[in-house]
Amino acid sequence: MQKQPTTAARLAAAAKSILPNWLHAPARAAWRKVYAVCAEWPEVKLYLQLAWNRLTGRSYLRWYADTLDGWVESRDPEFLARKRAALAESGAEDLAVLKGFGLLPSSTLHEYGCGQLRSALHFVEYLDPGNFSANDASKGRIDLGLELFGSRINPRRPTFIVNADNSFDWLNGRKFDFLWCHAVFGHMPAADVEDTFANLHKAMHAKSAFFFTFDEPRLQIPDAKDEIVRIDARNWLQSIAFFDRIARKYGLVAEDVSGAIRPYESFRKHMCLARVTKA
Ligand SMILES: C[S@@+](CC[C@H](N)C(=O)[O-])C[C@H]1O[C@@H](n2cnc3c(N)ncnc32)[C@H](O)[C@@H]1O
């Protein structure tokens with residue numbers, strides 16, 4: 001049986017029959033452009049929103065947090081149960097990594113960008129009550145985490161802070177033995193990452209260690225030359241050279257300690273881990 005032409009093909013044929021020959025090639029090129037914009041529309045919309053934000057002086061972080069807060073996830077009990085199980089399993093590996101670096105129940109730990117409390121659940125259950133605190137730019141993410149794990153987390157007296165600034169002033173001078181920041185910098189523009197490094201000292205004493213994960217461009221794009229590669233509106237690959245350069249600017253040192261996460265499944269193959277200490 002002969003295949004029926006699609007409506008788009010019929011429209012294209014009609015347009016071709018109306019247009020003079022010399023306009024066929026430019027019309028085809030214009031059509032491809034329109035098609036590409038439509039296919040990429042969700043991403044194009046994000047870039048347009050970002051450009052508008054820049055014009056109106058709204059910060060990238062505020063926009064990012066509002067986007068996350070706008071995600072409404074299902075509250076179907078079965079869906080939540082599946083999510084609870086999957087998140088809890090992967091979070092256990094984050095605790096194992098920090099224990100490998102000397103985390104003890106008596107240590108103090110702050111998590112920067114704790115999201116849905118995937119790892120916070122395990123940190124808080126391991127640490128002595130009151131020794132864990134965390135912040136996130138999205139209230140929606142923390143609220144969802146408390147819905148999933150609140151009955152286990154709340155009795156351990158953690159502190160959760162919702163904010164959209166990288167100043168660390170919201171810690172009111174409290175310093176931590178360990179700081180953890182997983183899958184956060186990859187969603188931040190370079191200026192925001194630098195802001196975080198500039199203020200990190202406010203949360204660190206002389207022996208503190210700040211651990212963060214990152215995606216090294218070279219491991220994903222073999223011929224990548226730049227220290228930072230933007231993947232789309234909300235995702236960047238950033239190299240250890242970039243982090244170490246800004247760390248040194250603020251009296252810190254960043255080193256790649258990725259070997260510590262390689263045995264674990266929840267850390268993607270290309271993900272790296274860095275440790276920042278005072279110089
Ligand atoms: C991919 S999620 C990772 C969440 C969590 N760290 C985990 O491992 O499951 C990124 C989180 O970082 C938060 N975030 C991104 N930039 C931030 C910033 N500058 N300050 C605080 N939170 C931030 C986002 O709101 C989001 O919840």
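In what order do the seven strands of the open sheet run?

## Model and numbering

This is a predicted model: local features need pLDDT of at least 70, side-chain atom pairs count only at pLDDT 80 or more, and totals for chains, interfaces and linings use all residues. Residues are numbered from 1 along each chain as its sequence is written.

## Sheet

The order is 3-2-1-4-5-9-8, with mixed pairing. Two strands pair if DSSP finds at least two bridges between them. Strands (E, at least two residues) and helices (H or I, at least four) are DSSP runs, numbered from the N terminus. From one strand to the next, the twist averages 20 degrees; axes are lines fitted to C-alpha atoms, with angles from 0 to 180 degrees between N-to-C directions.

Strand 1 (residues 109-112) and strand 2 (residues 132-136) run parallel, joined by four bridges. Leu109 has Phe132 of strand 2 as its bridge partner.

## Ligand shell

The ligand is surrounded by 20 residues (C-beta atom, placed from the backbone, within 6 Å). The closest are Gly113, Gly115, Ala137, Ser138 and His182. Helix 4 (60-70) and strand 2 are the elements that give two or more residues. Helix 4 has the largest share, with three.

## Domains

Domain 1 spans 7-63 and domain 2 spans 67-278. These bounds come from an automatic or database domain assignment. The C-alpha centres of the two domains lie 37 Å apart. Nine residues of domain 1 contact eight of domain 2 (C-beta atoms, placed from the backbone, within 7 Å). On the domain 1 side, helix 3 (41-56) and helix 4 each supply at least two residues.

Methods: Two residues are in contact if their C-beta atoms, placed from the backbone, lie within 7 Å.
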